[in-house]
Amino acid sequence: MCLAIPVRVVAKPNESTALIDLDGVQKEISLELLDGVEVGDYVILHVGYALARLDPDEAERTLALFAVAA
Amino acid sequence: MKYIDEFRNGALAKGLAHAIAYEADTARSYNFMEFCGGHTHAISRYGIADLLPANLKMIHGPGCPVCVLPIGRIDLAIRLALEHQVILCTYGDCLRIPASNGLSLLKAKARGGDVRMIYSAADALQLARAHPERDVVFFAIGFETTTPPTAVVLRDAAREGVKNFSVVCNHVLTPSAIMNILESPHVRTLGTVPIDGFVGPAHVSTVIGSRPYEFFAEEYRKPVVIAGFEPLDVMQAILMLVRQVNDGRAEVENEFTRAVTREGNLKAQALVSEVFELRRTFEWRGLGEVPYSALKIRRKFGAHDAETRFGLAYTSVADNKACECGAILRGVKEPRDCKIFGTVCTPESPVGSCMVSSEGACAAYYSYGRFRDVAVRAA
């Protein structure tokens, strides 16, 4: 139910809407719940709304943690 | 896909499995509850349970909104569709939940009810705009992840004066449910459900942040590690929990730093508190009545509250007697302990709610794990 996926913002038709791309599938989503989203950002998408911005540096850090343990 | 595939890497999973087995103390046992259905699904789907040492057990928690929704609430939705003849919109997960009199929303649709599956809360409001002559009701369920979108459409409906749009609010709160489990006799006094720590929600926490869990770590001395929903995230979180237990620490740690901050999404939180207020009590399947564990629509938006608008009165309905969903949701029993699991109750024809959603403990176990305990015999 809380299923959400990281998607890339490819365009911003207006301040409260983003066009996103997920492996070639494009869809318009709402930015009503998240300020300051820019084209090129990855956001967490849930039921048509961006809920959080994905931090690429933190993602790299987490991946590095896995590698340390392994 | 970026930010998904890297977090499913098999070689790294093997390494993490080794690290967990190496660091887990063989002289003791570890019992961790993953609160979320999303984690339950990941653990089953990717076979994580098979990668863990024998003395480390994952207990499935009640964090699946479909599974904890009591029959009486679905009855309300069915009544709206069949008696009040509204256009009843809801997320796909809700359609097959078994309700009273052998009905479900899907069967109500077969009987002529106008039941529509939607992808987004915004689709429900759009339907109302497109059908001004009909009453359109959005049957909203979900934890803190799904609540903010419902708040957006309620605010927009009020702003635009979409008079034919209303919502049945079933939104529930994660911290209240965790508190209820920690206070339950199984955990507190009987010790039949030993919990050494929690894998904390991924997407719920993007909204509420990591701060609300600090209370559990301090007050109940239970470690919490917030984790993403990908398999490597779950394994890393388990490793972090093992380390906390070994060190005698009880802290809130965040494995899902790429999307979760301590404060969470303040804009979403503000909107939710503008539109909703706490319900004094709400019935959960498995947990019973839990005080201050759910939200209702504020009076300011009362014109869009379907419960007052249609005079809906909630009646509690007992679960099917053979169904063990209640005990499974509290972590007291496992799916295979249920007599009707996999025989009478299957994902195609579910008796209990834990078999309906793919995140439910029973459905996850049925789809990915039901042959795990069957001995293989060569012919």
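**Entry 1: two helices of chain B**

How near do the axes of α7(B) and α8(B) come, and at what angle do they cross? I looked this up first, keeping in mind that the model is predicted. The two axes come within 8 Å and cross at roughly 25°. Angles under 35 degrees count as roughly parallel, so that makes α7(B) roughly parallel to α8(B). I noted the hand as well: α7(B) passes α8(B) in a right-handed crossing.

Next I listed who meets whom. From α7(B) come Ala121(B), Ala122(B), Ala124(B) and Leu125(B). On the α8(B) side I found Pro149(B), Thr150(B), Val152(B), Val153(B), Asp156(B) and Ala157(B). Sorted by class, this contact has eight nonpolar residues, one polar and one charged.

**Entry 2: α8(B) again, with another partner**

I stayed with α8(B) and turned to α14(B). A reminder to myself: two packed helices are described by the angle between their axes and the distance between the axes. Here the axes come within 9 Å, and the crossing angle is roughly 55°. α8(B) and α14(B) are therefore oblique to each other. The crossing in which α8(B) passes α14(B) is left-handed.

For this pair, α8(B) brings Thr147(B), Pro148(B), Ala151(B), Val152(B), Leu154(B) and Arg155(B). They meet Ala268(B), Leu271(B), Val272(B) and Val275(B) of α14(B). The classes come out as eight nonpolar, one polar and one charged.

**Entry 3: chain A by itself**

Which secondary structure elements does chain A have? I found one helix and five strands. Along the sequence the pattern reads β-β-β-β-β-α, and the helix α1(A) covers residues 56–69. The C-alpha trace spans about 45 × 25 × 25 Å along its principal axes.

Chain A has 70 residues, and 40% of them count as buried. I also checked sequence separation: among contacts in chain A with a separation of 6 or more, 27% are between residues 24 or more positions apart.

**Entry 4: where the chains meet**

α1(A) and α1(B) pack at an angle of about 60°, with their axes 7 Å apart. That makes α1(A) oblique to α1(B). I recorded a left-handed crossing for α1(A) passing α1(B). Phe66(A), Ala67(A) and Ala69(A) meet Leu12(B), Gly15(B), Leu16(B) and Ala19(B).

**Entry 5: Asp233(B)**

Is Asp233(B) buried or exposed? I counted 24 other C-beta atoms within 10 Å, and 20 or more is the cut-off, so Asp233(B) is buried. Asp233(B) lies in helix α13 of chain B. Leaving out residues up to four places away in sequence, Asp233(B) touches Phe7(B), Ala227(B), Gly228(B), Glu255(B) and Phe256(B). I also took its separation from Ala202(B): 31 residues in sequence, and 9.7 Å in space from C-alpha to C-alpha.

**Entry 6: two positive phi values**

Most residues other than glycine have a negative phi, so I made a note of two exceptions. Asn101(B) has a phi near 55°. Its place is in the loop between β3 (87–91) and α6 (105–110) of chain B. With 8 C-beta neighbours inside 10 Å, Asn101(B) counts as exposed.

Tyr292(B) has a positive phi of about 45°. I found Tyr292(B) in the loop between β12 (288–291) and β13 (295–297) of chain B. Tyr292(B) has 14 C-beta neighbours inside 10 Å and so counts as partly exposed.

**Entry 7: confidence**

Last, I looked up the scores. Chain B has a mean pLDDT of 94, with 100% of its residues at 70 or more. The model scores ipTM 0.96 and pTM 0.95.

Conventions:
Residues numbered from 1 in each chain as written. Chains lettered and ligands numbered in written order. Predicted model: local features only at pLDDT ≥ 70, side-chain atom pairs only at ≥ 80, totals over all residues. Axes fitted to C-alpha atoms, helices over the stretch in contact; angles between N-to-C directions. Helix = DSSP H or I, 4+ residues; strand = E, 2+ residues; numbered from the N terminus. Parallel < 35°, antiparallel > 145°, perpendicular 65-115°, else oblique. Left-handed = near helix turned anticlockwise from the far one by under 90°. Contact = placed C-beta atoms within 7 Å. Nonpolar A, V, L, I, M, F, W, Y, C, P; charged D, E, K, R; others polar. pLDDT = per-residue confidence, 0-100. Buried ≥ 20, exposed ≤ 12 C-beta atoms within 10 Å, placed from the backbone.
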